[in-house]
Amino acid sequence: MTESIPITATVRGIELGRARPEIIVPLVGDDHDAVMEQAAAAVATPARIIEWRIDLFRPDLDDAEDHRDVVLATLPRLRAALGPDRALLATVRTSAEGGGRQIRDIDLAVLLEALMGERRAGTQSQVDMIDVETSRAPAIVSRVVSTAHRNGVVVVGSYHDFEGTPEEEELCELLRSQRRLGADVPKIAVTPQTPRDVLTLMSASLTVASEGAGPHIAISMGPLGVASRVAAETFGSAATFATAGPRSAPGQLEADDVARMLELLRP
Ligand SMILES: O=C1C[C@@](O)(C(=O)O)C[C@@H](O)[C@@H]1O
């Protein structure tokens, strides 16, 4: 019997969806120096993907254009600090999904598009992956997805629930619908109220993984959900978020510990 080749999403030679789950370290600094300091700590861990939580950057700047200007000024320096082998995931988590910034859909689209830039032939966008919340206006999601794909940027589609864990079938459908919207890596992060909720999340992830449509990320947040962050490979999640300093969500563990756990828990 021949084994089917998994569909993967590749950034900087890192193949999401094949072999061991990737560790993603978030940078949550509120200004340039804090972000650069956290980036230095992140590159000293085994994480190969670094997430810049842009919604937490310069909260003093309410104006979308002022905020965009400082973000774009820091981007090349952050990119350089990561070196050629680490991928940069840019995330603007809106307050609607537990993030730090209240932003109009149109300003969000302009910011995400500016981050991806229009690359010239033979060059690479400074951002390798872009996070888009798939519950934003459909026109905005599709605009961001098209710009990303035109520029060779991998799209992470996001959904967060900080209150509870929907039913398994709903979780599966969320991941499938994110992929239909153009996400290369659908992602759900939900909150367990009971241990069984953690199983529900893992089971939904396993179901979707077995469909073989491509990589996805599934997280059960908070202290109860920690198992989901280290057992990612067993239930088919392509990546897990872990820290090198302050965390960006409840339940995240240190990247070095997670790397060890992923190795120990390899099926
Ligand atoms: O979407 C996610 C997942 C996350 O919420 C977590 O639970 O690890 C952390 C966020 O930084 C990231 O954007």
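This is a predicted model: local features need pLDDT of at least 70, side-chain atom pairs count only at pLDDT 80 or more; totals for chains, interfaces and linings use all residues.
Glu168, Leu171, Cys172, Leu175 and Arg176 of helix α5 meet Thr200, Leu201, Ser203, Ala204, Thr207 and Val208 of helix α6, where contact requires C-beta atoms, placed from the backbone, within 7 Å. Helices here are DSSP runs of H or I with at least four residues, and strands are runs of E with at least two, numbered from the N terminus. By class, this contact holds 6 nonpolar, 3 polar and 2 charged residues. Ala, Val, Leu, Ile, Met, Phe, Trp, Tyr, Cys and Pro count as nonpolar, Asp, Glu, Lys and Arg as charged, and the others, Gly among them, as polar.

Residues are numbered from 1 along each chain as its sequence is written.

To return to the pair: the axes of α5 (residues 168–180) and α6 (residues 195–210) come within 9 Å and cross at roughly 45°. Axes are lines fitted to C-alpha atoms, for helices over the stretch in contact, with angles from 0 to 180 degrees between N-to-C directions. The two helices are therefore oblique to each other; angles under 35 degrees count as roughly parallel, over 145 as roughly antiparallel, 65 to 115 as roughly perpendicular, and the rest as oblique. The crossing of α5 and α6 is right-handed, that is, the near helix is turned clockwise from the far one by less than a right angle.

The axes of α2 (residues 64–82) and α3 (residues 105–116) come within 10 Å and cross at roughly 15°, so α2 and α3 are roughly parallel. Ala64, Arg68, Val71, Leu72 and Leu75 of α2 make the contact with Asp107, Leu111, Ala114 and Leu115 of α3. That contact has 7 nonpolar, no polar and 2 charged residues.

I turn now to the ligand. Its shell comprises 15 residues, the closest being Pro26, Ala189, Phe241, Ser248 and Ala249; a residue is near a molecule if its C-beta atom, placed from the backbone, lies within 6 Å of it. Strands β4 (49–53) and β8 (185–190) each give two or more residues to this shell.

Finally, which residues does the UniProt annotation "active site" cover? The unreviewed entry gives His160 and Lys187; such annotations may be inferred rather than shown by experiment, and feature names are shortened, with positions in the numbering used here. His160 lies in strand β7 (residues 154–160).

Conventions: Two residues are in contact if their C-beta atoms, placed from the backbone, lie within 7 Å.
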